[in-house]
Amino acid sequence: VEAVHLIADGKAPRIPQPEEGATYEGIQKKENAEISWDQPAAALHNWIRGHDKVPGAWTTIDGQMVTFYGSSLLDASVPAGQELAIKGASRPGLVTKNGLVIFGNDGKMVLVRNLQFEDGKMIPASKYFSADETTALELREEEKKMAEDIR
């Protein structure tokens, strides 16, 4: 109450804050967001979600930095999927129809929905093994005419 009265009367002391150390830089650096795999699933989930979107929790897969986004704890039986070796993980991840399943050191699972590669390309984690597949768009005659008219 006393502090409020001092402020209201214009008599509150004003102490300038030092400029030294006054920055938000360094709090969210990409190099500080690497995933440490020797943790339980809940800690992995919290780490990924805590770094979602900036700077993004990452790990190394096939020699490339891959950033994980959109995790959730998975409380079910181990789903069917294609194994994916992850550097530092005690157990390979599983690319499933719902995303990438990763395992904590407690054997519990985390589901990651999106992955981003070093080049900035983001894909659904479920499409990891089909990410390089591209299909050409084929237009019908009336669509070709419409495209030409738009040009």
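Reading the rings and cores of a predicted model

Guide: Just after helix H1, Gly10 takes a positive phi of about 75 degrees, and this value, like the others here, comes from a predicted model.

Visitor: How many of the residues of H1 are buried?

Guide: Of the 8 residues of H1, the number buried is 0, so the helix lies largely in the open.

Visitor: What describes a pair of aromatic rings?

Guide: A pair of aromatic rings is described by the distance of the centres and the angle of the planes. The structure holds 3 aromatic pairs. In one of them, Trp37 and Phe68, the ring centres are 6.3 Å apart and the planes stand at 65 degrees, so the pair is edge-to-face, the cut-off for that being over 60.

Visitor: Where in the chain do Trp37 and Phe68 lie?

Guide: The pair links distant parts of the chain, since Trp37 belongs to the loop between helix H1 (2-9) and helix H2 (41-50), while Phe68 belongs to strand S2 (residues 64-74), 31 residues apart. Both Trp37 and Phe68 are buried.

Visitor: What are the distance and the angle for the rings of Tyr128 and Phe129?

Guide: The centres of the Tyr128 and Phe129 rings are 5.1 Å apart and their planes meet at 90 degrees, so this pair too is edge-to-face. Tyr128 counts as buried, at 12% relative accessibility, whereas Phe129 is partly exposed, with a relative accessible area of 37%. Together with Phe117, Tyr128 and Phe129 form one aromatic cluster.

Visitor: Which charged ends sit over a ring?

Guide: The charged end of Lys53 sits over the ring of Tyr69, 4.4 Å from the ring centre, and the charged end of Arg91 sits over the ring of Phe103, 3.7 Å from the centre of that ring.

Visitor: Which residues have the most contacts inside the largest nonpolar core?

Guide: That core has 21 residues, and those with the most contacts inside it are Phe68, Leu100, Ile102, Val112 and Leu115. The elements giving two or more residues to this core are H2, strand S1 (57-61), S2, strand S5 (100-103) and strand S6 (109-117), and the largest share, 4 residues, comes from S6. Leaving aside residues up to four places away in sequence, Val112 touches several residues, including Ile48, Phe68, Leu100, Ile102 and Ala125. A second, separate core of 5 residues includes Leu94, Val101, Phe103 and Met109.

Visitor: Which residues does UniProt list for the domain?

Guide: An unreviewed UniProt entry lists residues 29-130 as "domain: Formyl transferase C-terminal". Over residues 29-130 the chain is 10% helix and 37% strand, with the end C-alpha atoms 30 Å apart.

Key. Residues are numbered from 1 along each chain as its sequence is written. This is a predicted model: local features need pLDDT of at least 70, side-chain atom pairs count only at pLDDT 80 or more; totals for chains, interfaces and linings use all residues. Side-chain values use heavy atoms; hydrogens and water are left out. UniProt positions are given in the numbering used here, feature names are shortened, and annotations may be inferred rather than shown by experiment. Rings of Phe, Tyr and Trp (its six-membered ring) pair if their centres lie within 6.5 Å; planes under 30 degrees apart count as stacked, over 60 as edge-to-face and the rest as tilted. Buried means under 20% relative accessible area, exposed over 50%, partly exposed in between (1.4 Å probe, protein chains only). A charge sits over a ring if NZ of Lys or CZ of Arg is within 6 Å of the ring centre and within 35 degrees of the ring normal. A nonpolar core is a set of buried Ala, Val, Leu, Ile, Met, Phe, Trp, Tyr and Cys residues joined through side-chain atoms within 4.5 Å. Contact means heavy atoms within 4.5 Å.
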